[in-house]
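Please look through the following model chain by chain, beginning with a sheet and ending with the contact between the chains.

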Amino acid sequence: MNSVLKATNINKYFYEPEKFQVLKNISFEANRGEFLALVGKSGCGKSTLLYILSTMDTTYDGLLMMNGERLTGRTQDQLAAFRNEHLGFVFQFHFLLPEFTALQNVMLPALKLGKYSSKEIEERAYQKLKLVDMQDHALKQSAKLSGGQQQRVAIARALINDPTIIMGDEPTGNLDRKNSEVVFEIFKQIAHENNQTIIAVTHDPDFAKGSDRIIEMSDGQIIS
Amino acid sequence: MNLKISFQIAKTHLLTKKRQTLIAMLGVTFGIAMFIVMISVIKGVNKFLEDSALDSSPHIRIYKEITSNHPSIIDEVNPSNFNIIYHQLPKNELINIKNGLQIAANIEKEPAILGVSPQISSQVFFNKGPVPFSGQIAGVDVLKENKLYDLKKRIKSGSLESLLSTPNGILMGKVLARNLNVKVGDKITVTTPTGNLKLVKIVGIFGFGIQTVDGVKCYANMSMVQEILQKDKSFVTDIHIKMKDSQAALTYAKVLTNQYGYKTQDWAEANSAFLAGDKIRNGMVIMVSITLLVVAGFGIYNIMNMNVINKMKDIAILKATGFAGNDIVSIFLIQSIIIGILGALLGIIIGFCLSYLLSSMPFDAGDFLDIKTFPILFEPKYYGLGMIFGITTTILAGYMPARKASKIDPVAILRG
């Protein structure tokens with residue numbers, strides 16, 4: 001097993017309303033193809049950690065490495081380019097661009113990457129939508145899809161550039177049981193068949209139980 | 001940065017908010033349309049006034065300046081003394097240009113000269129019945145004068161040639177003729193400032209379309225004017241010159257002053273009131289245009305700002321999925337530019353239509369100016385300028401909201 005993500009001695013402070021240490025000396029590694037669940041009570045810092053790992057939050061102390069590249073200290077634009085190619089995101093609130101169709105939403109990150117022609121990208125986007133069983137809704141405006149459908153489109157979007165790591169911030173938090181199970185199955189499949197790493201913050205005990213490894217946090221520290 | 005995707009996203013944003021887009025566009029449209037109309041009208045008026053003033057005035061006029069402001073002999077002899085002189089009178093000077101006809105002939109040989117017309121000009125009174133009307137009579141060689149001012153075209157009744165065959169004939173300005181209630185063939189008495197009388201016959205009536213000319217001026221044969229003023233055959237008071245290039249006259253006038261020692265007046269100096277009016281009107285156009293465009297700019301700024309606030313979530317997602325700050329700036333800036341281009345294009349079209357309507361609107365300036373409709377200048381340059389103004393305004397107004405959008409922290413929004 002090779003490591004794709006390595007966090008060393010991550011410390012993070014909030015300064016509003018008063019100075020408060022959210023993360024205390026966090027160090028951990030994630031391996032290729034691993035399905036990780038990040039759990040803990042609310043306020044324990046797990047979401048904060050996820051956003052640091054996502055490279056969007058850069059105000060921390062410590063060292064973050066992904067795919068063997070040092071990400072700490074890079075500029076926002078460099079990190080954006082890195083995210084585009086190596087990271088996929090699935091959020092609690094599906095966060096699709098409402099004016100665009102499901103297909104366009106999936107295609108956008110790939111168009112930004114510009115590795116394939118737009119014809120190929122469209123083909124690949126259809127494949128990803130098929131993976132989440134949304135190919136029939138590809139041309140619908142995303143605002144007109146149900147919550148579960150939107151979340152599946154969001155997963156397809158996260159997968160479009162074949163990222164190394166997919167991160168989820170409570171990806172099932174806003175879904176009913178049946179849709180949660182669908183999402184969970186997709187995640188499992190991605191991790192084990194495509195060999196992509198998944199790191200998901202979750203409150204759902206069933207979701208956590210089904211993962212490969214659970215990282216439990218409390219008061220800004222990893223306890224297990 | 002990939003402009004193609006930015007353009008696609010910008011287009012989708014604009015198309016889903018059609019009404020907002022339209023309102024932002026109309027702001028620019030209105031500003032540019034008004035700019036076009038105003039500049040067309042004002043440039044048209046300027047050009048018309050300039051043309052008619054230039055048409056009826058010489059490029060250079062040479063004359064002798066008469067002034068009573070001479071230092072007295074006592075002042076010259078004892079400059080430091082306390083001299084008191086009562087009722088100093090001007091000395092008796094002739095107002096003629098010595099060798100005027102010879103000077104005119106010399107100037108006419110220059111290649112840059114279109115025509116030279118030496119003339120003898122005087123204030124006179126026209127008497128018809130008991131009331132004297134003041135006017136100005138110019139004794140000319142009418143063929144030379146025709147070369148300068150295209151008199152033939154300006155004759156309203158009678159003819160230019162009949163002046164040649166009628167020694168005591170005159171051509172009269174149409175407003176003056178109307179005031180005197182005379183027409184071609186009528187006879188009228190002319191009184192000179194020195195009190196000489198002469199009965200003259202009106203052989204033609206002309207109109208320049210400018211009240212200051214048509215209301216006072218008359219042309220007569222040079223010999224007749226010399227006769228009533230009791231001067232000799234070589235007595236001329238003015239030399240009028242037209243050059244091939246009106247701009248060259250400004251420098252040539254100075255050359256003539258140095259060469260012959262007489263006072264010269266170029267067309268710009270003679271028409272300085274018109275030209276000053278031009279400047280004031282141009283300044284007004286610029287001020288009003290800037291105001292309109294600033295207002296349109298604020299409109300776009302507001303709408304784009306609201307747009308950015310409404311699209312915070314989308315911006316956060318785009319940033320999370322790998323769009324850099326520049327991509328976000330371009331997405332919103334492209335929206336502003338599209339609004340600017342479409343708005344300015346529409347503005348130009350509306351501006352043209354309004355100018356066209358105005359140009360066919362009847363406009364009666366009375367005797368002051370000889371025009372029937374608004375003078376409008378259709379100059380492609382100003383349409384291009386309007387386009388550039390419109391687009392620049394929208395880029396400036398759209399840049400700040402776009403920058404703000406690129407600065408949005410995605411974490412703060414995605415975490416909720």
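In which sense do strand β1 (residues 3-14) of chain A and β2(A) pair, and over how many bridges? The two strands pair in the antiparallel sense, over eight bridges, where strands are DSSP runs of E with at least two residues, helices are runs of H or I with at least four residues, and both are numbered from the N terminus; two strands pair if DSSP finds at least two bridges between them. This is a predicted model, in which local features need pLDDT of at least 70 and side-chain atom pairs count only at pLDDT 80 or more, while totals for chains, interfaces and linings use all residues. Residues are numbered from 1 along each chain as its sequence is written, and chains are lettered from A and ligands numbered from 1 in the order in which they are written.

Within this strand pair of chain A, Lys6(A) has Glu29(A) in β2(A) as its bridge partner. Both strands belong to an open sheet of four strands with antiparallel pairing, in the order β2-β1-β4-β5 (chain A); its edge strands, each pairing on one side only, are β2 (20-31) and β5 (69-70) of chain A. The loop between β1 and β2 of chain A contains Pro17(A), and the peptide bond that joins Glu16(A) to Pro17(A) is cis, with omega at about -5 degrees. Further along, in the loop between β4 (61-66) and β5 of chain A, Asn67(A) has a positive phi of about 55 degrees although it is not a glycine. Asn67(A) counts as partly exposed because it has 17 C-beta neighbours inside 10 Å; a residue is buried if 20 or more other C-beta atoms, placed from the backbone, lie within 10 Å of its own, exposed if 12 or fewer do, and partly exposed in between. Another residue that is not a glycine, Asp219(A), has a positive phi of about 50 degrees and lies in the loop between β9 (213-218) and β10 (221-222) of chain A; with 14 C-beta neighbours inside 10 Å, Asp219(A) is likewise partly exposed.

Chain A as a whole has seven helices and ten strands, and 50% of its 224 residues are buried. Its C-alpha trace spans about 50 × 40 × 35 Å along the principal axes. The radius of gyration of chain A, 17 Å, agrees with the value near 17 Å for a compact globule of 224 residues; the radius is taken over C-alpha atoms, and the globule rule is 2.2 Å times the number of residues to the power 0.38.

Chain B gives another picture. A compact globule of 416 residues would have a radius of gyration near 22 Å, but chain B has 33 Å, and its C-alpha trace spans about 105 × 60 × 45 Å along the principal axes. There are 17 helices and ten strands in chain B, and 41% of the 416 residues count as buried.

Several strands of chain B meet at β7 (residues 197-206). Strand β4 (residues 155-158) of chain B runs antiparallel to β7(B) and is joined to it by three bridges, with Gly158(B) opposite Gly204(B). Strand β5 (residues 169-173) of chain B, by contrast, runs parallel to β7(B) over five bridges, and there Gly173(B) has Phe206(B) as its bridge partner. Strand β6 (residues 187-191) of chain B pairs with β7(B) in the antiparallel sense, over five bridges, and Ile188(B) stands opposite Val200(B). The hairpin of β6(B) and β7(B) has five residues between the strands, and in it Gly195(B) takes a positive phi near 100 degrees.

Helix α16 (residues 380-406) of chain B has 27 residues, which at 1.5 Å a residue should span 39 Å, and its end C-alpha atoms are 38 Å apart, in agreement; the expected span is 1.5 Å times one less than the number of residues.

Where the chains meet, 19 residues of chain B are in contact with 21 residues of chain A, two residues being in contact if their C-beta atoms, placed from the backbone, lie within 7 Å. On the side of chain B that touches chain A, α1 (3-16), α14 (312-320) and α17 (410-414) each supply at least two residues, and the largest share, five residues, comes from α14(B). In the segment after α17 of chain B, Arg415(B) is in contact with Ser47(A) and Tyr51(A), leaving aside its neighbours within four places in sequence.
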